[in-house]
Structure formats: structure tokens, C-alpha cells
Amino acid sequence: MKLYNQLTKKVEDFNPKNKDEVKIYSCGPTVYSYPHIGNFASYIYWDFLVRALMFDGYKIKRVINLTDVGHLVSDADEGEDKLEKGAKRENKTVWEIADFYIEDFIKSYHTLNLVEPYKFARATNYIEEEESLVDTLTEKGYTYETADGIYYDTAKFPTYANFAKLDLENLKAGARVDFSSEKRNVSDFAVWKYVKPGENHTMQWNYQNKAGYPGWHLECSAIIHKELGETIDIHTGGIDHIPIHHTNEIAQSEAAYEKQMSYFWLHCDFIKIDGQKVSKSLGNVYSLQDLANRGFSPMDFKLWVLQGHYKGDRNFTFDDLAAAKKRRLNWRNRIAITYQKDDIKDNKEAMAEISNAINDNLNSAAAFSVIDNSELSMSDWQKIDELFGLNLINDAPNINENIKAIIAARKEAKENKDYTKSDEIRTKLEEQNIAIKDTPDGQIWQYLN
Ligand code: AMP
Ligand code: ZN
């Protein structure tokens, strides 16, 4: 398997130390609002990574975190906590907001048929581990205290700028004027925030005799260490995570545990919508429900996502989504053919080509064109379904005896040249989402939708 590794900025061979326990961590959602389709695109890409590795015979141990505290409106320790913002907006408690959007996220996760991780790790369930990580960083001299929290001194971690190729001098020059004067370096970040006097921050814990809460970056380092150990095989996220969140995770974990945090780092580029970034002001923050309202299933969207690559410009349009829906219908109808033809052989060449494509840095688009252009057996479709998780077979069930009898009756009517009856039967079948096509080899049935 070849993958693009952000650590080396190269496509590299992925050779995990233990094929029976490939450790993967994915930065998960901040649970304060409904995710949009851009967020889900990222989870679909990483689901495909997991499925492709499973296809190759690896066993996966994957953790996805759920951020329910400490993620401020700006990724760089400024502004309101997103959960507090959600609570105000909906007139609920932060805990209610977190519970609600966690449940909603996991429900969508299942509707998208994404592989269940070993654990969904909720940040507030790891407060002890987070505090202990701050202890370790402090003992090793990496932190300092300011009026509003405990900060990580990035100057103490000499390779800080490497991961994102940060130009720290430039950052300093461009720093905002309200940049906290107590911060020693512009890139320093809070590992622990204190609740300010008068601040209404519901989630708070007593640490070092002060009320406070963990920083967003801290949770990932603490959860990974607790659940997966000092070094993992693959860490995933969106491209936005490179300069701050993942850079800070590396600084924390590698300073505290003195081990490489992850061998591979994978980031997806952001999808655009109609050529624009996903943004509230443009009114294009579509949810899965918005797609459903326009007649598209989560699987149609998943197919659209996998027609492209995690690295690369993706532009979402409803026309392209309609094309993806059509492609999926076509594949389901080819499964329908396998029920009606018993001479389709396993296509080893096509499956080998698909395997080569996915092992080439997850080239699902190339694999899809092999699918389009090859005759495939039921057993091939089963493998394809496991590989992409598109629910093709589930959504292409064989017809029951009753429908088979109706189809036979239509054949008879046609043979008897009773076209009124045969047309009537056609309409009746269409009501059950079945279309009848007359081909040189006789009539076949297909799904209408
Ligand atoms: P958040 O809940 O805001 O932390 O975002 C969840 C995930 O969605 C993160 O991994 C982001 O990098 C990712 N993400 C946000 N917007 C997009 C987008 N337009 N396209 C792809 N991924 C995105
Ligand atoms: Zn993270």
C-alpha cells in the first residue's frame, strides 16, 4: 500500500510493524452542530483507508475522538468554546448539546455504513489522562503559566515548525495585535485553560487548585496514549489540522513520551461546493438531510466522494451527485443481472486491477473505472461492497417469488401477443420499482431507482 505521508511529504510504502494491529487515530468532530457534507467527506475518505487496509488483510485498531470541550472558535486558543456557543444558540446545557450531537454523529456514521472503530473516545472521559499529560509536560519543562492558562513553550521543541513547514518569523510578523502579551512565542498554545473570572464555562475541572478545562490539542495526545500507545501507524485529519492542531499534537506527545507519535499522517483536502468554500454566509452548508430532501441517499454521496481522491481539488455539485447516483444504480442493476445469468465467472484480472488501484495511494477513481468496464460475478461484487462500503448488494436484493411469477406472466402475455396485458403488467412492476427490458436474449428485470 502506498500512501501520501505528510510527515515526509512523499508517497511512501506503508509497512506497519504489526499487521494484526494497525493503529489508526482519526481526529473526529467537534460535537456542537450538525456536520456538513465536507466533514462527512473526510470520514468517508478515512473509512475507505480502513477498508482498503482490511482488503489487504490487515487488522485495524482505530480510535476516533469526539471533541466535547476545549475547541475554541479559533483553532488558536481564542474566542468562545464551540460547545458553549452551541448551548447558547439552542438554549440548552453544554452537556445536552454534546450528548445530542454525539448521538446524531454516530447515527449518521452508521447510515454512511462506516466501519465501527475500536472506540469513539469522548474528550471529557479522559480528563485524568489529560491532566497527567500536562503534569508530564510541566515536569519536563515544556510549559509555563499565564493568567489564562498553562501554555506549551514551542521554542523548547526545536522541530516544531517542521511538520507544517511553518515560517515562524513570518507568523510572528503577522500576529494579531491582541496576541496575548504573556505568550512567549506566537506559536505557543494552551494545554490547559483557566476559567476566567466571570466567564460562564460550564465544563470545568479543578486542576492545580484552579477551575479550568483541557485545550483541544491535548485531548488527542492523551487519548492516543491511553488507547493506542506511544506510537501509532496512521493519524488522519483534514488539511486544516496541519499547521496548528497536528503540529501541536506532535509537540505534546513527542515531548512527553519521547517517541515518534505516528509513522504516517494523512490529510484530506477540503471539498468545495459549486466552486466555493463551505460557509454559512454562502448558504451551502449542506447536511446529509439536505441531500436526502433532494432525493439523494448517503450512499450516493459516498460514491461521489470516492470518485475522487483525498488529495486533490474536489468540487461538489448536485449535477455530479446525480451522476454518482446514476452510476450506483447502474452497478446495482449489474448485480441484478448476476441473479438472472448463471454463467458469470469470477473476474480475477479485474479484481487484481482494483487491488492495484487502491494500493496506489487509494486510487478509488481508477478502481471505479475497472468496475464500470468489467463483467463481475456475485462474489466479485461482494468483495467490492466490502471494499467501498457502498451497500450495493443490500440495495439490490433479488426479486421474490411473487414478482418472478408476475414477470413470467408478462412473458406469456407477450408470447400470446396480448400487448394490453403485457403493458398492464409492466406498469404493475414499475410500481414495485422493477423495470422490464426486452433484450435479444429475452426479457430481463432491472431496478428503476
Ligand atoms: P470539525 O468538527 O469542525 O472539527 O471538523 C471535522 C472534520 O471535517 C475535520 O477533520 C475537518 O478537517 C474536516 N472538514 C471540514 N470542512 C471540510 C471540507 N469542506 N472538506 C473536507 N473536510 C472538511
Ligand atoms: Zn486531533
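In this predicted model, T143 stands opposite Y152 in β9. Those two residues belong to a pair of neighbouring strands, with β8 covering residues 143-146 and β9 covering residues 149-152, which pair in the antiparallel sense over four bridges. Two strands count as paired if DSSP finds at least two bridges between them. Helices (H or I, at least four residues) and strands (E, at least two) are DSSP runs, numbered from the N terminus.

Because the model is predicted, local features need pLDDT of at least 70 and side-chain atom pairs count only at pLDDT 80 or more, while totals for chains, interfaces and linings use all residues. Residues are numbered from 1 along each chain as its sequence is written, and chains are lettered from A and ligands numbered from 1 in the order in which they are written.

**The antiparallel sheet**

**The parallel sheet**

A further open sheet of five strands has parallel pairing and the order β7-β4-β3-β13-β14. Its edges are β7 (119-122) and β14 (262-268), each with a single partner strand, so one side of each has no neighbour in the sheet. The twist here averages 20 degrees from one strand to the next. Helix α6 (residues 216-227) packs on this sheet and touches β3, β4 (60-66), β7 and β13, its direction making about 150 degrees with that of β4. Within the sheet, β3 (residues 22-26) and β13 pair in the parallel sense over three bridges, and S26 stands opposite T236 in β13.

**Domains and their contact**

The protein chain is divided into domain 1 (2-268), domain 2 (296-304 + 317-388) and domain 3 (401-447); such bounds come from an automatic or database domain assignment. The C-alpha centres of domain 1 and domain 2 lie 35 Å apart. Between these two domains, 13 residues of domain 1 are in contact with 12 residues of domain 2, where contact requires C-beta atoms, placed from the backbone, within 7 Å. On the domain 1 side, β1 (2-5) and α1 each supply at least two residues, and the largest share, seven residues, comes from α1. That side divides into 10 nonpolar, one polar and two charged residues. For these classes, Ala, Val, Leu, Ile, Met, Phe, Trp, Tyr, Cys and Pro count as nonpolar, Asp, Glu, Lys and Arg as charged, and the others, Gly among them, as polar.

**Helix pairs**

Axes are lines fitted to C-alpha atoms, for helices over the stretch in contact, and angles run from 0 to 180 degrees between N-to-C directions.

| Helix pair | Axis separation | Angle |
|---|---|---|
| α1 (37-55) and α13 (378-388) | 7 Å apart | about 135 degrees |
| α9 (298-306) and α10 (318-340) | within 8 Å | roughly 105 degrees |

The second pair is therefore roughly perpendicular, whereas α1 and α13 are oblique to each other. Angles under 35 degrees count as roughly parallel, over 145 as roughly antiparallel, 65 to 115 as roughly perpendicular and the rest as oblique.

In the packing of α1 with α13, the residues are F48, R51, A52 and F55 of α1 together with E386, L387 and F388 of α13. Five of the contact residues are nonpolar, none polar and two charged. In the other pair, M299, D300, F301, L303 and W304 of α9 meet D320, L321, A324, K325, R327 and R328 of α10, giving six nonpolar, no polar and five charged residues.

**The surroundings of ligand 1**

Ligand 1 is surrounded by 15 residues, of which P29, G38, N39, G238 and F270 are the closest; a residue is near a molecule if its C-beta atom, placed from the backbone, lies within 6 Å of it. Both α1 and β13 (232-238) supply at least two residues each to this shell, and α1 gives the largest share, four residues. By class, the shell has seven nonpolar, seven polar and one charged residues.
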